[in-house]
Amino acid sequence: MGRYVYVKVFKDYGKIVLTVDKVLKRKKINIYRLSRLTGISWGVIQKYKEGNLYRVDLDLLSRMCFALNCQLEELIHYECVEGNHQKKKLKEQRNKALNK
């Protein structure tokens, strides 16, 4: 199993994973070069690479996708919770919320 740059767990909902680091390595582009291509400061890209953030900016992600010639799913994705008990609990919570 690969190392994730950033993982944030929200209760039983699953986790959001940022994999900017993997894309940079695969494309052989360093932070400085991506900064020059996107106009995003080096420090901000470093935060995305390390996962040192709590909110993401869609404009910044779109600039990175354009410069890296990649899809958004390559930079960030959602992983659902594992196990039948958790999936069942999540489904019940979702249905309860929709029926209100």
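Is Ile76 buried or exposed? In this predicted model, Ile76 counts as buried, because its relative accessibility is 16% and the cut-off for burial is under 20%. Ile76 sits in strand S3, which covers residues 76–79. Its contacts reach back along the chain. Leaving aside neighbours within four places in sequence, Ile76 is in contact with Ile16, Val17, Leu18, Thr19, Val56 and Leu61. Val20 illustrates the point about distance along the chain. Ile76 and Val20 are 56 residues apart in sequence, yet their C-alpha atoms are 7.5 Å apart in space.

The overall layout comes next. The protein chain has six helices and three strands. From the N terminus on, the elements run β-β-α-α-α-α-α-β-α. The chain has 100 residues, and 32% of them count as buried. Its accessible surface comes to about 7,500 Å². Carbon and sulfur atoms account for 52% of that surface. Contacts across the sequence were also counted. Among contacts between residues at least 6 apart in sequence, 54% join residues at least 24 apart.

Helix H1 spans residues 20–27. Its buried residues are Val20, Asp21, Val23 and Leu24. Seen down the axis of H1, these residues fall within an arc of 165 degrees, so they line one face of the helix. What do the buried residues of H1 pack against? Their partners are strand S2 (15–18), helix H2 (31–38), and helices H3, H4 and H5. Just after H1, Lys28 takes a positive phi of about 55 degrees.

The nonpolar interior was examined as a set. In soluble globular proteins, nonpolar side chains tend to be buried together. Here, the largest nonpolar core holds 19 residues. Leu24, Leu34, Tyr48, Met64, Leu68 and Leu75 touch the most other members. H1, H2, H3 and H4 each supply at least two residues of this core. The largest share, five residues, comes from H4.

Charged pairs were considered next. Side chains of opposite charge can pair when their charged atoms come close. How many salt bridges does a search of the whole structure find? The search finds four. In one of them, Asp21 pairs with Lys49, and the closest N and O atoms are 3.9 Å apart. Asp21 lies in helix H1 and Lys49 in helix H3 (residues 42–50), so the pair ties together parts that are 28 residues apart in sequence. The two partners can be set side by side. Asp21 is buried, with a relative accessible area of 7%, whereas Lys49 counts as partly exposed at 25%. Asp21 and Lys49 also belong to a network of salt bridges that includes Lys25.

Another salt bridge joins Arg26 to Glu74, with the closest N and O atoms 2.3 Å apart. Arg26 lies in H1 and Glu74 in helix H5 (residues 72–75), so this pair ties together parts that are 48 residues apart in sequence. Glu74 is partly exposed, with a relative accessible area of 29%.

A further salt bridge lies within one helix. Asp59 pairs with Arg63, and their closest N and O atoms are 2.8 Å apart. Both residues lie in helix H4 (residues 58–68). They are four residues apart, about one turn of the helix. Asp59 is partly exposed, with a relative accessible area of 40%. Arg63 also counts as partly exposed, at 30% relative accessibility.

Finally, the cysteines were checked. The count of disulfides comes to zero. Cys65 is in no disulfide, and the nearest cysteine sulfur, that of Cys70, is 4.3 Å away.

Notes:
Residues numbered from 1 in each chain as written. Predicted model: local features only at pLDDT ≥ 70, side-chain atom pairs only at ≥ 80, totals over all residues. Heavy atoms only, no water. Buried < 20%, exposed > 50% of the residue type's maximum accessible area, 1.4 Å probe, protein only. Contact = heavy atoms within 4.5 Å. Areas by Shrake-Rupley, 256 points an atom, 1.4 Å probe, with all protein chains shown as cover. Salt bridge = Lys/Arg side-chain N within 4 Å of Asp/Glu carboxyl O. Arc of directions from axis to C-beta. Core = buried A, V, L, I, M, F, W, Y, C linked by side-chain atoms within 4.5 Å. Disulfide = S-S within 2.5 Å.
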